[in-house]
Amino acid sequence: MAMSEPIVVLTGAGVSAESGIRTFRASDGLWEDHRVEDVATPEGFASDPLLVHRFYNERRQQLRDPSVRPNPAHEALARLEREYDGDVLVVTQNIDDLHERAGSRNVVHMHGELLKARCAGCGAVVAAVGDLGPTDSCEACGALGAMRPHVVWFGEIPLLMDEISSAIQRCGTFVAIGTSGLVYPAAGFVQVAGLAGAHTVEINLTTSYVTSVFDEVVTGPAGEQVPAWVERLLART
């Protein structure tokens, strides 16, 4: 691989899980004992904003727990960005800030960010480290009760898709880490990268729904396998 070829890294829930972040969705389809329709759709928010705010407030409280911190996978990706002589873009499906805490700077949160809020009226995005409620007003336009979690819900389009698509189509290496290959459009990124001529790598605890599409598959915990992959990649370039 040429030293300057761009790298795009897609990370999913499997990376955050090793830092103690519980994945939202259980095998029965419930999100932390709530129906997805109730806490992760625009319709659910319109029907019961208090319930939705409580749900995401609990997620923020978990993220602020001192025991939740970046793991070796996050740290290895930050090292890759520092030491690789080319562009490294981390596209994450995760809404936590663990990549940034580890030192990554070129990060795109395609599903939004837990520590931000967005005005449903004017679209302004602001920091939201503490709890949110249905009576909060927008700092930008003053609208009362318009603030919602800056999170992409079911039925909504992921963020910054043009930027992500452009990066994938020109990258030399695409790697997916800790993803199920079940949620689209992210599950289709590997096909886009492969058609554009990129070398594709999957690093996952188990096989995903799209494992067969990848050129290279590494199985094992992200905290072990990502640092080893970064080490190998930097040694070759």
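The crossing of helices H5 and H9 is left-handed, a term for a near helix turned anticlockwise from the far one by less than a right angle. This is a predicted model, in which local features need pLDDT of at least 70 and side-chain atom pairs count only at pLDDT 80 or more, while totals for chains, interfaces and linings use all residues. Residues are numbered from 1 along each chain as its sequence is written, and side-chain values use heavy atoms, without hydrogens and water.

H5 covers residues 72-83 and H9 residues 222-236; their axes come within 7 Å and cross at roughly 20 degrees. H5 is therefore roughly parallel to H9 (angles under 35 degrees). On the H5 side, the contact (heavy atoms within 4.5 Å) is made by Pro72, Ala73, Ala76, Leu77, Arg79, Leu80 and Glu83. Residues of H9 in the contact include Trp229, Val230 and Glu231. The contact residues divide into twelve nonpolar, one polar and three charged; Gly counts as polar, and Asp, Glu, Lys and Arg as charged.

The cysteines are a separate matter. The whole structure has zero disulfides, a disulfide being a pair of cysteine sulfur atoms within 2.5 Å. For Cys119, the closest cysteine sulfur is in Cys138, too far for a bond. Cys141 is in no disulfide either.

| Cysteine | Nearest cysteine sulfur | Distance |
|---|---|---|
| Cys119 | Cys138 | 3.7 Å |
| Cys141 | Cys138 | 3.7 Å |

Cys119 is buried (under 20% relative accessible area), with a value of 2%. Cys141 is partly exposed, at 44%, where partly exposed lies between the under 20% of buried and the over 50% of exposed, for a 1.4 Å probe and protein chains only.

Terms used. Axes are lines fitted to C-alpha atoms, for helices over the stretch in contact, and angles run from 0 to 180 degrees between N-to-C directions. Helices (H or I, at least four residues) and strands (E, at least two) are DSSP runs, numbered from the N terminus. Angles under 35 degrees count as roughly parallel, over 145 as roughly antiparallel, 65 to 115 as roughly perpendicular and the rest as oblique.
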